[in-house]
Amino acid sequence: MTRTTGSADKPSNARTNTSTCTHAPARTLTRLLPLALLLPLATACGGVAGADDSDTVTVTVGYQSKTINTVTAGTLLRSLGYFEEELAARGKKDGKKYEVRWQDYATGAPITAQMTTGKIDIGSMGDYPLLINAARGKQLGQPTRLVSVTGYNLRGGLNTVVTKPDSTLRSLSGLRGKKVSTSVGSAADGTLIRALKQAGIDPEKDIHKLNQQPSVGASALSGGSVDALSQFVAWPGQLAYEGKAKALYDGADLNLPTFHGVTVREEFAKERAGVLDDFLTAQRRATDYLRERPVAAAESVAKETGLPAEAVYLYNGAHGIATFDPALRPELVAALKKDVPILKAAKLVGDVDVDAFVDPKPLKRIARAAAHPTPKPTAGAATSELWLRGHDTTRTFAGPKKLLAAVAAAKKSDVRAAYVPDALTGTPWFADRAVWVADGSELRAFVTPSHAKTYTERHAGARVISYADAVESAS
């Protein structure tokens, strides 16, 4: 049973740097993406995005500041000013003035709505919204193309199902008959659907699904009106860090890639190919910055969004859940094709020609990929991290026991955050929110109770212990 309560597609107030447009018409999206509701979204801001007068070219970029897997094409990129720098250099050559309008939304759907009316030129969003972007663009005669990736996880660890801290739920099987909040049409909803099916639960009949904007769902979870919340980065990590939720299901269990990417209006890409190249060059520069200064990047994004820097770092850190690389990797394109049936079943798209939607040519034009470091593995790296107050770098450890020994040796007030990978999936999680298992003299950490149960059932004598006991055991 699916109920619409709030909307995954209701945007936050759009934040721009050159206008005060409020995008009030986008609120018609509260019933989620039908064609008739996309058409009214032509805003009264005036002017067509990308259009120019005699000497000025305006480029409008839609982004999601709190969807921190997109920061290299949104929040971080904007704060660094790299796109404006690239355009300024172009302006010196062609004599034009370039202006960038940054428009901030809570989800990808309103960005798609604005792109289909020509009001946004470049946008960033998750894999499921990208497919809707492709479908709606073609349907409305405003085709779009996927031109780069922002962040990804090859196992799907960017999406998580969480419950209240005091919930008695221990696995997905306990969700039968329960109320679950998610954002229909998002990657988090796709994760929920796939995970429930694998657990033998019908996602349409066996649970009460509430279609809610992430912030609404988070409030519903805290207030007790839903039993679980399935959401995308950074909501699960933020809620866990704040002590408002605990993980029930790790999306990495699906072992299916999930990612966010950059989409552009085809017309704009043809008319302003050089500007698109500038954007992708700037995105790559922002990616380099994030890799080289991950703590500074996390602090910057936290300042811009109001999110806890520690939660941002969980995903975007040096050994975080997300890998940042603009390349259109074949594994990601293949995963995108596997997502189409989920959206078709939800009647959100028809057939989507993924191969036609993906356009690698712009990245090839800037031709700088070979000069960049190989991204870190998404999962399986046995690296734990400790972030101490007053430090602009983290300390890394080869195993969780050594991490906990360092935590024990430090003053409690000096520890900002400790991160440890799940022993089964490799998904990093907060050490003090993880489920700990003692196996002889060894310590193992897990994102969810079900992972810990799987491990203890396979290892005689292994037992679940508290975080405090784990720290004491390691000291």
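Q: Over which ring does the charged end of arginine 416 sit?
A: A charge sits over a ring if NZ of Lys or CZ of Arg is within 6 Å of the ring centre and within 35 degrees of the ring normal. The charged end of arginine 416 sits over the ring of tryptophan 387, 4.1 Å from its centre. Tyrosine 82 has the charged end of arginine 285 over its ring, 3.9 Å from the centre. This is a predicted model, in which local features need pLDDT of at least 70 and side-chain atom pairs count only at pLDDT 80 or more, while totals for chains, interfaces and linings use all residues. Residues are numbered from 1 along each chain as its sequence is written, and side-chain values use heavy atoms, with hydrogens and water left out.

Q: How many aromatic pairs does the count come to?
A: A pair of aromatic rings is described by the distance of the centres and the angle of the planes. Rings of Phe, Tyr and Trp (its six-membered ring) pair if their centres lie within 6.5 Å; planes under 30 degrees apart count as stacked, over 60 as edge-to-face and the rest as tilted. The count by this rule is 9 aromatic pairs. One of them joins tyrosine 63 and tryptophan 102, which are edge-to-face at 5.7 Å centre to centre, with 85 degrees between the planes. Tyrosine 63 is in strand E2 (residues 56-63) and tryptophan 102 in strand E3 (residues 97-104), so the pair ties together parts 39 residues apart in sequence. Tyrosine 419 and phenylalanine 430 form a tilted pair, 5.6 Å centre to centre, with 35 degrees between the planes. This pair also links distant parts of the chain, since tyrosine 419 lies in strand E15 and phenylalanine 430 in strand E16 (residues 428-430), 11 residues apart. Ring pairs link Tyr241, Tyr313, Trp387, Tyr419, Trp429 and Phe430 into a cluster.

Q: Which strands does E15 join, and how do they run?
A: Strands (E, at least two residues) and helices (H or I, at least four) are DSSP runs, numbered from the N terminus. Two strands pair if DSSP finds at least two bridges between them. Strand E13 (residues 384-388) is joined to E15 by 4 bridges, and the two run antiparallel. Leucine 386 has alanine 418 in E15 as its bridge partner. E15 and E16 also run antiparallel, joined by 3 bridges, and proline 421 has proline 428 in E16 as its bridge partner. The hairpin of E15 and E16 has 6 residues between the strands, and glycine 426 takes a positive phi near 85 degrees there.

Q: Why is E15 largely enclosed by the rest of the structure?
A: Buried means under 20% relative accessible area, exposed over 50%, and partly exposed in between (1.4 Å probe, protein chains only). In E15, 7 of the 7 residues are buried, so the strand is largely enclosed. Tyrosine 419 is buried, with a relative accessible area of 4%, and phenylalanine 430 is buried at 2%.

Q: How many residues of helix H4 are buried?
A: Helix H4 (residues 109-116) is mostly covered, with 8 of its 8 residues buried. Among them are Ile111, Gln114 and Met115. Just after H4, glycine 118 takes a positive phi of about 75 degrees.
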